[in-house]
Every structure is written in structure tokens, then in C-alpha cells.
Amino acid sequence: MKTLLRSQDLSCPSCVAKIENALQGLEGVNDAKVHFNTGRIEIEHDPDAAPTTVLVQTVRETGYEAAVAAF
């Protein structure tokens, strides 16, 4: 499954690495890409092992706001 989150408070490129590492460390997450300029966070994951609520909480625990992106 692919989930798209948004974060409005990314202030530096190191934020990208911090969030990607946190998400990729979760069981069930196959890939996570953070786009610094747009605040998009794209996550490929198994929704049973890593539900969306856990993804959002993980980003928040790294110190950044996150919400499910509306299309």
C-alpha cells in the first residue's frame, strides 16, 4: 500500500533523513521518501504491520507535524 503524508514544517534537508530513517525503521515499511520542497512523505508499507496512524505518530515523534494528505 502507498500512503501519502504531508508535513508543513520541514526546515532543512537533515529533516528528510531523520524522518526517512524513522519510517524505514518500522516493521512493515518497505520504503519512505520525503520531498523537502513540497513536504510530501510517500510511504510504501504493509497496512497491517504499519497502519497509517503509526506512520503519522512516528513522524510526530521525530519532532515534525504530519497528516494524511488529501487528494
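1. Glu42 counts as buried, its relative accessibility being 18%, and buried here means under 20% relative accessible area. This value, like those that follow, is computed from a predicted model. Side chains of opposite charge can pair when their charged atoms come close. Glu42 forms a salt bridge with Arg40, with the closest N and O atoms 3.0 Å apart, and Arg40 counts as partly exposed at 27% relative accessibility.

2. Glu42 also forms a salt bridge with Lys2, where the closest N and O atoms are 3.7 Å apart. Because Glu42 lies in strand β3 and Lys2 in strand β1, this pair ties together parts that are 40 residues apart in sequence. Lys2, at 55% relative accessibility, counts as exposed, and the residues Lys2, Arg40 and Glu42 are linked in a network of salt bridges.

3. The structure holds 4 salt bridges, and one of them joins the side chains of Arg60 and Glu65, at 3.9 Å from N to O. Arg60 is partly exposed, with a relative accessible area of 40%, and Glu65 likewise counts as partly exposed, at 49% relative accessibility.

4. Turning to the sheet, 4 strands form an open sheet in the order β2-β3-β1-β4, with antiparallel pairing. Strands β2 (29-35) and β4 (67-68) stand at the edges, each with a single partner strand, so one side of each is left without a neighbour in the sheet. Helix α1 (residues 13-24) packs on the sheet, where it touches β2 and β3, and its direction makes about 165° with that of β2. Helix α2 (residues 52-61) lies across β1, β2, β3 and β4 and runs at about 35° to β1.

5. Within this sheet, β1 (residues 2-6) and β3 (residues 40-45) pair in the antiparallel sense over 5 bridges; Leu5 has Ile41 as its bridge partner in β3, while Lys2 stands opposite Glu44 in β3. Strands β2 and β3 pair in the antiparallel sense over 6 bridges, and the bridge partner of Asp31 in β3 is Glu44. The hairpin formed by β2 and β3 has 4 residues between the strands, and Gly39 in the turn has a positive phi of about 80°.

6. The largest nonpolar core has 17 residues, of which Leu5, Ile19, Leu23, Ile41, Ile43, Leu55 and Val59 touch the most other members. The elements that give two or more residues to this core are α1, β2, β3 and α2, and the largest share, 4 residues, comes from α1. Not counting residues up to four places away in sequence, Val59 touches Leu5, Ile19, Leu23, Ile41, Tyr64, Glu65 and Ala66.

Technical notes
Residues numbered from 1 in each chain as written. Predicted model: local features only at pLDDT ≥ 70, side-chain atom pairs only at ≥ 80, totals over all residues. Heavy atoms only, no water. Pairing = 2+ DSSP bridges. Contact = heavy atoms within 4.5 Å. Axes fitted to C-alpha atoms, helices over the stretch in contact; angles between N-to-C directions. Core = buried A, V, L, I, M, F, W, Y, C linked by side-chain atoms within 4.5 Å. Buried < 20%, exposed > 50% of the residue type's maximum accessible area, 1.4 Å probe, protein only.
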